[in-house]
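These are my notebook entries on one protein chain. I set down what I looked up, entry by entry.

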Amino acid sequence: MADVKLLGLWYSPFSKRVEWALKIKGIEYEYIEDDLQNKSLLLLQSNPIHKKVPVLIHNSKSICESSVIVEYIDETFEGPSILPKDPYDRALARFWAKFFEDKGPSMMKSLFLKGEEQEKAKEEVYEMLKILDNELKDNKKFFVGDKFGFVDIVANAAALWFGVLEEVTGVVLVTKEKFPNFCAWRDEYYIQNKEYLPSRDALFAHYQAYIQRVAASK
């Protein structure tokens with residue numbers, strides 16, 4: 001049996017992407033919860049450049065960055081395919097995955113910054129949501145092809161975490177009136193994939209406590 005370890009954080013969408021891929025493939029692995037405030041020696045040795053989770057350790061070799069790890073898992077292990085087999089669909093999947101990755105910083109800025117910077121980030125997020133809402137028209141459930149795959153895993157932050165953070169911060173950008181297709185997709189996503197995601201309540205409590213700690217320290 002392959003020696004597989006995953007360094008992660010239970011509340012991290014990036015860690016959850018990797019866990020998801022491992023479960024799809026049916027791979028047994030050791031999960032090691034790290035601590036951002038007191039990073040383990042194993043994490044610092046395994047990812048000396050970024051010093052971040054997730055890190056997959058496979059037969060004593062470290063692989064970093066969630067999207068890279070998911071592709072590695074797909075190429076390395078037997079089991080259901082995560083990326084499409086067709087080269088065009090594969091390229092399309094990588095395009096949409098990069099789209100989600102590139103928009104991540106703006107999504108966070110739109111919720112946590114103030115003033116002009118926040119308004120600029122909000123405009124970027126609105127543009128992103130318009131594109132996604134159009135892409136998900138006609139009750140579309142998956143971004144590429146007719147089954148759950150790579151893009152859908154990478155989209156987990158937009159599908160769950162962003163909504164939780166909207167609730168915690170009180171900054172609401174996604175509404176059913178403005179983005180009905182995206183909202184329908186998001187609701188269905190959570191229902192269908194609960195086993196691969198942390199609970200909304202647990203995430204809400206975690207981020208609410210974090211924001212309260214940050215506010216108290218100022």
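Is R186 buried or exposed? I found that R186 is buried, with a relative accessible area of 14%. Here buried means under 20% relative accessible area, exposed means over 50%, and partly exposed lies in between, with a 1.4 Å probe and protein chains only.

Entry on the model. I noted that this is a predicted model, in which local features need pLDDT of at least 70 and side-chain atom pairs count only at pLDDT 80 or more, while totals for chains, interfaces and linings use all residues. Residues are numbered from 1 along each chain as its sequence is written, and side-chain values use heavy atoms, with hydrogens and water left out.

Entry on salt bridges. I took a salt bridge to be a side-chain nitrogen of Lys or Arg within 4 Å of a carboxyl oxygen of Asp or Glu. By this rule I counted 12 salt bridges. Side chains of opposite charge can pair when their charged atoms come close.

I returned to R186 and looked up its partner, E166; the closest N and O atoms of this salt bridge are 3.7 Å apart. The pair links distant parts of the chain, since E166 lies in helix α7 (residues 156-169) and R186 in helix α8 (residues 180-192), 20 residues apart. Helices are DSSP runs of H or I with at least four residues, strands are runs of E with at least two, and both are numbered from the N terminus. E166 is also buried, at a relative accessible area of 4%.

Next I looked up E101 and R17, whose side chains meet in a salt bridge at 3.0 Å, N to O. This pair too joins distant parts of the chain: E101 is in helix α4 (residues 87-112) and R17 in helix α1, 84 residues apart. E101 is partly exposed at 29%, whereas R17 counts as buried at 3% relative accessibility.

Which residue meets D102 in a salt bridge? I found K98, at 2.8 Å, N to O. Both residues lie in helix α4, four residues apart, about one turn of the helix. D102 is partly exposed, with a relative accessible area of 45%, and K98 counts as exposed at 51%.

Entry on the strands. I counted two strands as paired if DSSP finds at least two bridges between them. Strand β1 (residues 4-8) runs parallel to strand β2 (residues 30-33), and four bridges join them. From β1 the chain crosses through helix α1 (residues 13-25) to β2 in a right-handed β-α-β crossover. Right-handed means that, with the strands pointing away from the viewer, the path from the first strand over the helix to the second runs clockwise.

I then looked at the other pairing of β1, which is antiparallel, with strand β3 (residues 55-58), over four bridges. K5 stands opposite I57 in β3, and its bridge partner in β2 is E30. L6 stands opposite Y31 in β2. I noted that four of the five residues of β1 are buried.

Entry on a loop. E28 is found in the loop between α1 and β2 and counts as exposed at 56% relative accessibility. E28 and D3 are 25 residues apart in sequence and 8.6 Å apart in space, C-alpha to C-alpha.

Entry on the record. The UniProt annotation "domain: GST C-terminal", from an unreviewed entry, covers residues 86-211. Over residues 86-211 I found 72% helix and 0% strand, with the end C-alpha atoms 44 Å apart.

Technical notes: UniProt positions renumbered as here; feature names shortened; annotations may be inferred.
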